Amino acid sequence: KIGGPMQLLLFKNFTKRINSTKRPDITQPDRSVTISAKDIISVEHPTFKLSNVDLDINYAYFNGKYYYVDDVTLSNVAIYELHCSMDHLATYKDQIKSSSQYLLYASL
């Protein structure tokens, strides 16, 4: 076992622009799941295994970082995998706001 129980917060139909630092209100998630890390979890592209997933879930907050839910797959009869990628602008919003650089354009 890698670590103890941690909270995974899930959000339905969260919308934001690709070059935005917008964050959902983590005090009001659509679902909160206590998970235990039994495998190594990627920080950049984690995959979470859950049961009973609402397919409208499209955003997540885990371990102090924000994630887009890129895909939901059914890996077993009752186990869904949420494939995520880090939302760097939301995750590092505080550092971005306190810096003095200018963003000229977004490449995506």
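How do strand 4 and strand 5 pair, and over how many bridges? The sense is antiparallel, and the count is 4 bridges. Two strands are called paired here if DSSP finds at least two bridges between them.

Some ground rules. This is a predicted model, so to speak of local features we need pLDDT of at least 70, side-chain atom pairs count only at pLDDT 80 or more, and totals for chains, interfaces and linings use all residues. Residues are numbered from 1 along each chain as its sequence is written, and side-chain values use heavy atoms, with hydrogens and water left out.

Now the overall layout. The protein has 2 helices and 6 strands. Helices (H or I, at least four residues) and strands (E, at least two) are DSSP runs, numbered from the N terminus.

The 6 strands make an open sheet, ordered 2-1-4-5-6-3, with antiparallel pairing. Strand 2 and strand 3 are the edges, each pairing on one side only. From one strand to the next, the twist averages 35°. For that angle, axes are lines fitted to C-alpha atoms, for helices over the stretch in contact, and angles run from 0 to 180 degrees between N-to-C directions.

Next pair along. Strand 5 and strand 6 are antiparallel over 7 bridges. Val 69 has Cys 84 of strand 6 as its bridge partner. Asp 71 has His 83, also in strand 6. The hairpin from strand 5 to strand 6 runs through 5 residues.

What about the interior? Of the 108 residues, 30% count as buried. Buried means under 20% relative accessible area, exposed over 50%, and partly exposed in between, with a 1.4 Å probe and protein chains only. The protein exposes about 7300 Å², and carbon and sulfur atoms supply 50% of that. Those areas come from the Shrake-Rupley method with a 1.4 Å probe; for residues, only the protein chains shown count as cover.

The largest nonpolar core has 15 residues. A nonpolar core is a set of buried Ala, Val, Leu, Ile, Met, Phe, Trp, Tyr and Cys residues joined through side-chain atoms within 4.5 Å. Leu 8, Leu 10, Ile 35, Phe 48, Leu 50 and Leu 82 touch the most other members. Strands 1, 2, 3, 4, 5 and 6 each supply at least two residues of this core. There is also a second, separate core of 7 residues, including Phe 11, Tyr 61, Tyr 66 and Ala 90. In soluble globular proteins, nonpolar side chains tend to be buried together.

Which residues does Leu 50 contact, leaving aside its neighbours within four places in sequence? They are Leu 8, Leu 10, Val 33, Ile 35, Ala 78, Ile 79, Tyr 80 and Leu 82. Contact means heavy atoms within 4.5 Å. Across the protein, among contacts between residues at least 6 apart in sequence, 60% join residues at least 24 apart.

Last topic, charges. The whole structure holds 3 salt bridges. The criterion is a side-chain nitrogen of Lys or Arg within 4 Å of a carboxyl oxygen of Asp or Glu.

Take Lys 12 with Asp 54: the closest N and O atoms are 3.1 Å apart. Lys 12 sits in strand 1, Asp 54 in the loop between strand 3 and strand 4, 42 residues apart. Lys 12 is partly exposed at 35% relative accessible area. Asp 54 is partly exposed too, at 31%.

Then Lys 16 with Asp 87, at 2.6 Å between the closest N and O atoms. Lys 16 lies in the loop between strand 1 and strand 2, and Asp 87 in the loop between strand 6 and helix 1, 71 residues apart. Lys 16 is buried, at 18% relative accessible area. Asp 87 is buried at 2%.

Finally, Asp 94 and Arg 23 meet at 3.9 Å, N to O. Asp 94 is in helix 2, Arg 23 in the loop between strand 1 and strand 2. Asp 94 counts as exposed at 51% relative accessibility. Arg 23 is partly exposed at 26%.
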